[in-house]
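This briefing is meant for a reader meeting the structure for the first time. It takes up helix packing and then the surroundings of the ligand.

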Amino acid sequence: MVDAVVVGGGLAGLACAHGLAAAGRSVTVIEAADAVGGRARTVWREGRPVDRGFQSLFRAYPETGRFLKEIGIRRRDLRPFTRGAVFHDGRTWSRFGPPPTRAPGGGVLARSDWARLVRLVGEVVAKPPEALLEMDGPEPDTETFLRVRGFSDEAIEGFWRPLFGVIMLDRSLGADPGYFRFLLSMLARGPAVIPADGLGMIAEWAAASVEQRGGVVRTGEPVAALEADPGSGGRRLAGVRTASGELVRARHVVLAAEAPAARVLLDPVDPASAARVPDAAASVTTAAFLLDLPLYRGRTIVLNSAPHDPDEGTRIDLVCQTTNVVRPEAGEGPHVLLATSVTTGTDPAAPGIEDAVARLVGRWAPGFDWARHARHVDTFVHAFAQFRPLHGVRRELPGPRTAAENLILAGDLTAHPSIEAAVASGRRAAGIVEALSP
Ligand SMILES: Cc1cc2nc3c(=O)[nH]c(=O)nc-3n(C[C@H](O)[C@H](O)[C@H](O)COP(=O)(O)OP(=O)(O)OC[C@H]3O[C@@H](n4cnc5c(N)ncnc54)[C@H](O)[C@@H]3O)c2cc1C
């Protein structure tokens, strides 16, 4: 009998387990996959970290910042995108981001849109992040919000859609404006960063820290069911049942699986909460390449801001040579290049993504011999990369408490679709278990 069993070794589950282990509680994490990290995992190819899908975190994420410190990841381990983002609109290049950001004449935004951006950023940084998240209306989506704020078509198509399309994994900019304002405030408060050993470093260090404090992290076997305590009339759980039939007994169960898996496990115990687990998916596919010559230099993402051509097939939205950011000293290569296609609303698998990257690089850098210098190493498909925070969705999400008094829900599905929400939800779940414990 442990104090808590945590279902899911993603960032939410590990943040919870870490909080409990640090408080002296006995905790077991059960992760279905063969490694921890969930959606934030890294694999290694030829000595280089390759994230299983391009992603970064904002250094200003408040709860994540505290958590990283606790597990020993220092500020200097968080490698920033010092050169912001570079846009290619099909004809020309322009850059956005520090230092120094030039607006009119050469920048990605015209003078009037630049002034609107400065005003909007001033407003969002003046408010605490939680307050921004509470403001999800009155406009139905981010695009409408931006139009109401007066942004031109050029700014929306050439700046907001390419940039926030890849941040939200949704080129329709369908997220509620509260979530958008939260993300904008994070972007304005500090750079996007990737840990030195890739995003998966967070989960790996967190799991090691849990184990150092006496916790147990099991991988490679899923939990098949949450097990009711027969004597409690359905009010309590006895623990969880693994796929091999083992009953892991626990005083508390924390369910920290991703939305589709959480819904299935939760339904027999608390159908009302299960029905509130979000189901609209944002999807994304990332192709990973190893390059023996760098495609570009600089710690930046490259965004495709060309108008969408319905006949183009799979569209590449973002290219990032991540080794420029996490291994700036490794001049020799191989260089890791990730290319992302946001597929929300289309075929999540992005058919032909590897060829689409080759064609795009051919247009962007005709002098670069892609066939000679690039090797495809992985393609990562995330059909449910995150839930879509469409208007009103966040207000309806399930809370951490459930119909079973010792079952606590965690994961981004309880707040908003981000690393910050996952970590914060895990820490909150640990606090609830602590408060319920004698
Ligand atoms: C490609 C991509 C790009 C992203 N970009 C960003 C970004 O730039 N910035 C940002 O903030 N966020 C981004 N996100 C979102 C972010 O990664 C997630 O919000 C966060 O990692 C969710 O963590 P979690 O712990 O809630 O869920 P998960 O990471 O999904 O963890 C859930 C875990 O539960 C396990 N599990 C499921 N069922 C069972 C079971 N039955 N038994 C045992 N274990 C089970 C799963 O294997 C998984 O490891 C991105 C996501 C993706 C996929």
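In this predicted model, helix α1 (residues 11-22) packs with helix α8 (residues 200-212) at an angle of about 25°, their axes being 9 Å apart. Because angles under 35 degrees count as roughly parallel, α1 and α8 are roughly parallel to each other.

**Helices α1 and α8**
- The crossing that α1 and α8 form is left-handed.
- On the α1 side the contact is made by Leu11, Leu14, Ala17, His18 and Ala21, while α8 contributes Ile202, Ala203, Ala206, Ala207, Ser209 and Val210.
- Sorted by class, the residues of the contact of α1 with α8 comprise nine nonpolar, two polar and no charged.

**Helices α2 and α14**
- The axes of helix α2 (residues 62-70) and helix α14 (residues 419-436) cross at roughly 65° and come within 8 Å, which means that α2 is roughly perpendicular to α14.
- The crossing in which α2 passes α14 is left-handed.
- From α2, Pro62, Glu63, Thr64, Arg66, Phe67 and Glu70 meet Ile419, Glu420, Val423, Ala424 and Arg427 of α14, and by class this contact of α2 with α14 has five nonpolar, one polar and five charged residues.

**Around the ligand**
- There are 32 residues around the ligand, of which Glu31, Arg39, Tyr61, Val223 and Asp412 come nearest.
- Arginine 39 places a polar side-chain atom 2.7 Å from an oxygen atom of the ligand.
- Serine 56 has a backbone N or O atom 2.9 Å from a nitrogen atom of the ligand, and a backbone N or O atom of serine 418 lies 3.3 Å from an oxygen atom of the ligand.

Conventions. Residues numbered from 1 in each chain as written. Predicted model: local features only at pLDDT ≥ 70, side-chain atom pairs only at ≥ 80, totals over all residues. Heavy atoms only, no water. Axes fitted to C-alpha atoms, helices over the stretch in contact; angles between N-to-C directions. Helix = DSSP H or I, 4+ residues; strand = E, 2+ residues; numbered from the N terminus. Parallel < 35°, antiparallel > 145°, perpendicular 65-115°, else oblique. Left-handed = near helix turned anticlockwise from the far one by under 90°. Contact = heavy atoms within 4.5 Å. Nonpolar A, V, L, I, M, F, W, Y, C, P; charged D, E, K, R; others polar. Near = heavy atom within 4 Å. Polar contact = N/O pair within 3.5 Å; in protein donor to acceptor, adjacent residues only side chain to side chain.
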